[in-house]
Amino acid sequence: MTLTAGGRRLAAAALVQSLGIGLFMASSMAYFTRQVDLSANQVASGLALAGVVALGISLLGGVLADRYGARRVLAAVYLGRGVCCAAYVFVTDFWQFMVVTLCAVACDRAGPPVLQALVAVAVPERQERTRLLAVVNVVRNCGLGVGAMAAGVALASDTQAAYRVTLIAIGLAFLGGAVLVLRVSEPAAPTAEAAPRGAAERPAKGRVLPDARYLTLTGLNFLLFFFDTMLLVAMPVWILEHTDAPRATVSVLFALNTALVVVLQIPVSKLATGQRRTTRMLTWTGAVLAVSSLCFAASGSVGGGPAVAWLAAAVVTLSLAEVIANSAVWDLSIALAPEEQRGRYLSVFNLSVAGQRVLGPVMVTGLLLGSGSLGWVVAAAVLVVAGVAAERVARAAGERMRAGNPAHA
């Protein structure tokens, strides 16, 4: 696809800052444990606590985007993440680590919905903005991989100087992303005189939360986003503790998922055309995730090659569900949000993603894996129901929006 100048800058910004994230993800644990002398438990608990607290703080990103413009807020978020990475150079104890980490995670959680809000105003055509978000997702995955490999330099030298240079480089990567974002054209919001009749009054009503249908869709997306926890938590634990597959299967399947997302995300995003087809993709997400769950269940009852084959099938279908879900919710979360409150709506919707990353691991370890193959079967049934329900809710919300605003019909 051909990107506009603004689209190219957003994609470049995503690539630059994802290089920084990849560097950080691969090198930060070694830096904190070997150079700052924090224990692995301290780092893990600090990240978990910061993730919980940042859930609420991240909502401010959408509120600020509605008030001051998504471009400025997204640039500030990237700049804030860069400052936090540089600040890690001066961290010497756990409480300093906690303060910097809370700020960093809050910026991280606030970023995705503000990026969507900026794409929505920079690319008014509905299908094109979904494709742009697909491109951003692909370049982000590539950047994460390259950044993780580049972190090998610091890990190999294992010196304080090398880690600090890496942290500074990460900070500069985020600074570069902020500069690129500021160069994206953001049309001015309509004035009170130019806005459609009634549009100026709606924000004044002081609605704090989105409408009931949007909130319901947010809750259902929490379940559909289970693919993330399935891949990052359930898959490795299941392979290592419940199957006879070789340990190396874990890394191979992670690589398979990354490759499939990079290859499939843009083509699948082209299927998100029109309200009916896009909402139908939610049902397909639940159904494909259910198939993946059943493949995981089957892998636990066989050994050797058949187990690896079932696991590969599980990750292939999980990856397909991931790209389908991404394409659908990118489109619907923007389209179903009132333009004048888009940032706030998107920030609330993003809680379904952030919440899954906080609560998902607890659900996996406490409920799913503890029940063995039966847990996967129950998960499959829940995911099918969630997909069907999400389609119906999204379709009803779209019909209500078109009825209230005939210009979108």
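Two aromatic rings of Phe, Tyr or Trp form a pair when their centres lie within 6.5 Å. With that cut-off in hand, let's walk through this model, which is predicted. Searching the whole structure turns up 14 aromatic pairs.

From Phe32, move on to its pairing with Tyr88. Here the ring centres are 5.0 Å apart and the planes stand at 65°, so Phe32 and Tyr88 are also edge-to-face. This pair links distant parts of the chain, because Phe32 sits in helix 1 (residues 5-34) while Tyr88 belongs to the loop between helix 4 (70-87) and helix 5 (94-122), 56 residues apart. Phe32 and Tyr88 are both buried. If you step back, you can see that ring pairs join Phe24, Tyr31, Phe32, Tyr88, Phe94, Trp95, Phe97 and Tyr163 into a cluster.

Next, look at how some of the helices pack. Helix 2 (residues 40-57) and helix 15 (residues 342-368) have axes that come within 10 Å and cross at roughly 165°. Angles over 145 degrees count as roughly antiparallel, and helix 2 and helix 15 are therefore roughly antiparallel to each other. Their crossing is left-handed. On the helix 2 side, the contact uses Gly51, Val52 and Leu55, which meet Leu351, Ala354, Gly355 and Val358 of helix 15. By class, the residues of this contact are five nonpolar, two polar and no charged.

Helix 6 (residues 126-150) packs with helix 12 (residues 249-269) at an angle of about 175°, and their axes are 8 Å apart. Helix 6 and helix 12 are therefore roughly antiparallel to each other as well. Helix 6 brings Thr130, Arg131, Ala134, Val135, Asn137, Val138, Asn141 and Cys142 to the contact, and helix 12 brings Val261, Val262, Gln265, Ile266 and Ser269. Sorted by class, the contact of helix 6 with helix 12 has seven nonpolar, five polar and one charged residues.

Ala234 is found in helix 11 (residues 226-242). With a relative accessibility of 0%, Ala234 counts as buried. Leaving aside residues up to four places away in sequence, Ala234 touches Thr229, Val364, Leu369 and Trp376. Ala234 and Gly387 are 153 residues apart along the chain, and their C-alpha atoms are separated by 20 Å.

The other residue is Val288, in helix 13 (residues 275-299). Val288 has a relative accessibility of 11%, so it counts as buried. Again leaving aside residues up to four places away in sequence, Val288 touches Thr317, Leu320, Ala321 and Ile324. Val288 and Thr278 are ten residues apart in sequence, with 15 Å between them in space, C-alpha to C-alpha.

Key: Residues are numbered from 1 along each chain as its sequence is written. This is a predicted model: local features need pLDDT of at least 70, side-chain atom pairs count only at pLDDT 80 or more; totals for chains, interfaces and linings use all residues. Side-chain values use heavy atoms; hydrogens and water are left out. Axes are lines fitted to C-alpha atoms, for helices over the stretch in contact, and angles run from 0 to 180 degrees between N-to-C directions. Helices (H or I, at least four residues) and strands (E, at least two) are DSSP runs, numbered from the N terminus. Angles under 35 degrees count as roughly parallel, over 145 as roughly antiparallel, 65 to 115 as roughly perpendicular and the rest as oblique. A crossing is left-handed if the near helix is turned anticlockwise from the far one by less than a right angle, and right-handed if clockwise. Contact means heavy atoms within 4.5 Å. Ala, Val, Leu, Ile, Met, Phe, Trp, Tyr, Cys and Pro count as nonpolar, Asp, Glu, Lys and Arg as charged, and the others, Gly among them, as polar. Rings of Phe, Tyr and Trp (its six-membered ring) pair if their centres lie within 6.5 Å; planes under 30 degrees apart count as stacked, over 60 as edge-to-face and the rest as tilted. Buried means under 20% relative accessible area, exposed over 50%, partly exposed in between (1.4 Å probe, protein chains only).
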